[in-house]
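Please read it alongside the sequence and the structure.

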Amino acid sequence: MEFTLLIVIIVLALIFDYINGFHDAANAIATVVATKVLSPFQAVVWAAFFNFLAYWVFGFGVADTVAKTANTLEIDLVVILAGVIAAIIWNLFTWWQGIPSSSSHTLIGGFAGAAIAHAIAVHGFFGYAVIEGTEVHTAYWYDTVNWYTAGKNGGFPSGVLIIIAFIVLAPLIGALMSYLISIWLLNASKRSIYPKIFTVGLMLLTIWFVESQMIYFDEIKKPRFDSHLWSVVFESHNIKWFLVAFIVLSISSFCLIFSSLNLHQSTYWLKKMQLLSSAAFSLGHGGNDSQKVMGIIAAAVTVYIQTSGIAQESLPDWLDVVLPDENGAFKMPDWIPLACYSAIAAGTLSGGWKIVKTMGSKITKVTSFEGVAAETAGALTLYFTEHFKVPVSTTHTITGSIIGVGLTKRVSAVRWGMTVSLLWAWVLTIPISAILAAIIYYIFSIFI
C-alpha cells in the first residue's frame with residue numbers, strides 16, 4: 001500500500017509539473033508574443049528548450065527548501081498526496097480563469113495545509129512529546145510546518161514565512177530592477193557621455209562580482225572533467241554566474257551603441273535582445289519551478305523510507321534519496337531532476353494562452369524595449385533568489401517586472417484594476433490551497 005501511494009504521488013507530482021509548465025508558459029513568452037518577436041508556437045518551443053536546459057545550470061537548493069516545508073518525521077504519504085492534488089486543482093482552476101497565480105505557492109500551501117491537518121488529526125490541539133536525539137520536548141500541531149529556520153553560518157533563512165514574505169518581495173524586486181533597467185536604457189539612448197561612463201563602470205563591477213562568486217577546481221567536490229578549465233566552466237554554480245555576466249554585459253554593450261542607432265536599427269536590435277532575455281527568464285523558470293516538484297518527490301521518498309521501515313541500504317538506486325542535515329548534502333537520483341525538467345518543458349510546449357493574454361496586454365502595453373527590461377529583471381531576480389534557495393513565484397516576479405517598466409512611462413500606464421485582481425489571487429493562493437489540501441486529507445483519511 002505504501003509503495004503504491006508513493007508511485008501515485010510521483011506520477012501526480014509530474015502531472016503537476018506538466019500543468020505548471022503550461023500554466024506558467026505565459027511568464028516567459030507573453031512579452032515576445034505580444035511584441036511579435038516570435039509566433040506563439042515558436043515562443044513555446046523556445047521557452048521549453050530553455051526550461052529543460054536549466055537541468056545543467058541549477059543545483060538543488062530550492063528543492064531542499066520545499067522538501068523541508070513540513071517535518072518528514074511527523075507526516076505520512078497521505079499528507080503529500082493531498083497536498084499535490086490540492087495544488088493540481090487550484091492550478092487548473094486559475095488556468096481556466098486566466099489568472100496568473102503562483103504554481104509554487106499552490107504547492108507550498110497544499111503541502112503545509114495537509115501537514116497541519118494531519119497533525120491536528122493525530123494530536124489534536126494539545127501538546128505532545130517529541131524525542132530528538134537524547135532530548136524530549138513538547139510540540140504542537142503548528143510545529144509540523146517549518147515556519148522559519150535561521151540560515152547556517154550567516155546564510156539566508158528558510159521556511160514558509162520567508163516564502164510568504166517573497167509574495168511581496170519578489171514582485172517588488174522585479175519591479176525595481178525592471179524600472180532601473182528601463183531608466184538605464186532610456187538614458188543610454190541619449191547622446192551623452194555620462195550614461196556610457198556608467199555602463200562601463202557597471203561592466204567592470206559585474207566582472208569583479210561574478211569572479212568573486214566563482215568556485216575553482218580545488219573547491220569542486222565532484223569535478224565533471226579531468227581538465228581544470230572545463231570543470232570550472234561547466235560547474236553548475238559557475239554556469240549560473242556566467243549567465244548573469246553574459247546578460248548584463250550584453251545589455252551593457254547595446255547601451256554603449258544605443259545612442260548611435262536610428263529608430264529602425266534600435267527596434268531591430270531590441271527584438272534580437274528579447275530572444276536573449278526571454279531565454280534567460282525561461283532558464284530561471286525551469287530551474288526554479290522544476291526544483292519545487294523535485295522537493296515534493298524527495299520528501300515523498302523520505303517519508304516512504306521512514307514509514308515502511310525499509311533500511312536505506314536495501315533500497316534500489318532509484319529510491320536512494322537523502323535530505324540533508326547540518327552535515328550532509330542533498331542526494332537525489334538523476335531520474336528525478338530529468339523527469340521534472342522534461343515534464344515542465346512538455347507543459348510549456350502546450351502553452352497557456354489565456355494567461356499569455358493577461359500578461360502580455362492587460363497589465364500594460366508591452367514593446368520590445370519593455371520586454372527586454374522586464375524579462376531581464378525577472379531572470380536576474382530568479383537567479384539571485386535561487387542562489388539563496390528561496391522558492392519564489394516566477395509569475396509574481398515577471399508580473400512585478402512588467403509593472404516596473406509600465407511605471408517608467410507614467411503611473412496610469414499600468415492597468416491597476418487588473419493588477420489589484422492579480423494581487424488578490426496571489427494573497428489567497430496559499431490559504432486556499434492549504435484549506436483545500438486539509439479537506440482532501442480528511443476525506444482520504446477515511447478511506448486510506
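Helices are DSSP runs of H or I at least four residues long, and strands are runs of E of at least two, both numbered from the N terminus. The model described here is predicted. In these terms the chain contains 15 helices and two strands.

**Chain as a whole**
- Of the 448 residues in the chain, 55% are buried.
- The chain exposes about 19500 Å², and carbon and sulfur atoms supply 69% of that area.
- Among contacts between residues at least 6 apart in sequence, 80% join residues at least 24 apart.

**Annotated spans**
- An unreviewed UniProt entry lists several spans under "transmembrane region", among them residues 44-63, 75-96, 238-261 and 422-444.
- Residues 75-96 are 91% helix and 0% strand, with end C-alpha atoms 32 Å apart.
- Residues 44-63 are 65% helix and 0% strand, and their end C-alpha atoms lie 25 Å apart.

**Packing of H9 and H10**
- Helix H9 covers residues 236-258 and helix H10 covers residues 263-308; their axes come within 11 Å and cross at roughly 170°.
- Because angles over 145 degrees count as roughly antiparallel, H9 is roughly antiparallel to H10.
- On the H9 side, the contact is made by Leu243, Phe246, Ile247, Ser250, Ile251, Phe254 and Phe258.
- H10 contributes Ser266, Trp269, Leu270, Met273, Leu276, Ala280 and Leu283 to this contact.
- By class, the contact of H9 with H10 comprises twelve nonpolar residues, two polar residues and no charged residues.

How values were computed. Residues numbered from 1 in each chain as written. Predicted model: local features only at pLDDT ≥ 70, side-chain atom pairs only at ≥ 80, totals over all residues. Heavy atoms only, no water. Axes fitted to C-alpha atoms, helices over the stretch in contact; angles between N-to-C directions. Parallel < 35°, antiparallel > 145°, perpendicular 65-115°, else oblique. Contact = heavy atoms within 4.5 Å. Nonpolar A, V, L, I, M, F, W, Y, C, P; charged D, E, K, R; others polar. Buried < 20%, exposed > 50% of the residue type's maximum accessible area, 1.4 Å probe, protein only. Areas by Shrake-Rupley, 256 points an atom, 1.4 Å probe, with all protein chains shown as cover. UniProt positions renumbered as here; feature names shortened; annotations may be inferred.
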